[in-house]
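Here's a walk through a protein model, taken one region at a time.

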Amino acid sequence: MEVVHERSCGLDVHKRTVVACVITPEGKRTRRFKTMTKDVLSLADWLGEVGVTHVAMESTGVYWQPLYNLLEDDFEVWVVNAAHIKTVPGRKTDMKDAEWIADLLRHGLLRPSFVPDRPQRELRELTRHRRQLIRQRAQVVNRIQKVLEGGNIKLSSVATDVVGASGRAMLRAMIAGEDDPETLASMARGRLRDKRLLLVDALEGSMGSHQRMMLDSYLRHLDFLEREIERMSEEVEDRTRPFEEVIERIDEIPGMGRRGAEQVVAEIGTDMNRFPTSQHLASWAGMCPGNNESAGKRIGGRTRRANPWLKSTLVEAAWASVKTRDTYLSAQYRRIAARRGKKRAIIAVAHSILVIIYHMLRDGTRHRDLGGQYFEERNHQAIVRYTVRRLNRLGYDVTLAAA
């Protein structure tokens, strides 16, 4: 078999140890190192001494990241999908795993996964941390609603946002011991004042002292999370300042907001040359159906597990886009949901958003919506024939005349 990389190294990475197998024209050598920084640096020195040029390792949890960070400047480091390099059954040891990876790398049988550069990886960590904080905030809001329900306070049935300006004023008054529904309802602001009578009924309950203590704890936790979210957003905005024009263009897509655009840029970057086509990007993001064909019959394939951060961002944007009026994405959703169901339709819309972003970033263009009538105009004659047949089946003779 042809040798592609003469001096290759395979790493079998674990939490506390890493096994390195080096294959060169002089022979094969295997050594075990710890994963502390000084030990990884010793590994790098050893690989430099034997002239290694390419290093490959599995994407094992987060344990590959410190090795990648310390080795990327001196070697061509590949992080490969673990499913692509399963070893031969019956030969499972750490030494054999490292040897198998090195042998596959040496003969060009591995494909590297997409690992962005260090600034983008740091931006990814910040946007993902912010997303986790937003999720935690939503959990705290749900717990507040649960405590209110336990005290027979039906504020969430009247107010859209129980932690808005009006809701917080009422909650703080409850924590302070106020239980008069009229007094609490008088704290409503803005349009919520129009629901004052409903508020009086909703705020009549029986809050216990332990529930007031829990509300106080949840509100303080909520304030902390919101401060942290704001802090992370400021840092992300500073780091994405060079991509401001790109983020503004992505924000023009229906359903995409500023935070969603920042998340997309952090996950896929702005250079689309690493993805030959939009189909490659969709496959990497897990936004396309899997290939499942047998005996010439195409069997429905589920979307594969891929980047959950990008996928969830696109799905959220898809749900927002289908609520817009007279847009291509909302028309696509209605067209597919009628035949395949809402969930499949949402994945299709999310896939379309990703394809739109790919072409915008690759070609440097702005978003141009095709309009809500796109599918009807494209299939004009077919829609006319279908409508006439339906009317004929209902017992009508139809004569068409152009308007």
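Contact here means heavy atoms within 4.5 Å. Helices (H or I, at least four residues) and strands (E, at least two) are DSSP runs, numbered from the N terminus. With that in hand, look at helix H10 (residues 244-251): its Val 246, Arg 249 and Ile 250 meet Ile 357, Met 360 and Leu 361 in H15. That contact has five nonpolar residues, one charged and no polar ones, where Ala, Val, Leu, Ile, Met, Phe, Trp, Tyr, Cys and Pro count as nonpolar, Asp, Glu, Lys and Arg as charged, and the others, Gly among them, as polar. The two axes come within 11 Å and cross at roughly 145 degrees; axes are lines fitted to C-alpha atoms, for helices over the stretch in contact, and angles run from 0 to 180 degrees between N-to-C directions.

Before going further, a word on what you're looking at. This is a predicted model, in which local features need pLDDT of at least 70, side-chain atom pairs count only at pLDDT 80 or more, and totals for chains, interfaces and linings use all residues. Residues are numbered from 1 along each chain as its sequence is written, and side-chain values use heavy atoms, with hydrogens and water left out. The score itself, pLDDT, is the predictor's confidence in each residue, from 0 to 100. The protein averages 91, and 98% of the residues score at least 70. Confidence is highest in helix H9 (residues 209-239), at a mean of 96, and lowest in strand S6 (residues 293-294), at 68. Where pLDDT is low, the predicted coordinates should not be read in detail.

Back to H15, which has another partner. The axes of H14 and H15 come within 8 Å and cross at roughly 150 degrees. On the H14 side, Leu 329, Gln 332, Tyr 333, Ile 336, Ala 337 and Arg 340 take part, and the residues they meet in H15 include Arg 344, Ala 345, Val 349 and Ile 353. By class, this contact has ten nonpolar, two polar and three charged residues.

Now for the open spaces. On a 1 Å grid over the protein atoms alone, a cavity is a set of points where a 1.4 Å probe fits but cannot get out, and a pocket is an open set with protein on both sides within 12 Å along at least five of seven lines; lining residues have an atom within 4 Å of a point. Grid points are joined across faces, edges and corners, and a volume is the space filled by probe spheres set on the points.

The largest pocket has a volume of about 1400 Å³. It is lined by 33 residues, and the closest to its centre are Ser 59, Ser 113, Phe 114, Val 115 and Trp 284. Helices H2 (64-71), H4 (118-150), H12 (278-285) and H13 (308-321) each give two or more residues to that lining, with H4 giving the most, six. The lining divides into 13 nonpolar, ten polar and ten charged residues.

The second largest pocket holds about 640 Å³ of space. Among its 19 lining residues, Pro 289, Gly 301, Thr 303, Arg 344 and Ile 347 lie nearest the centre. H13, H14 and H15 each give two or more residues to this lining, and H15 has the largest share, six. While you're there, find Lys 311 in helix H13: leaving out residues up to four places away in sequence, Lys 311 touches Ala 285, Gly 286, Met 287, Thr 303 and Arg 304.
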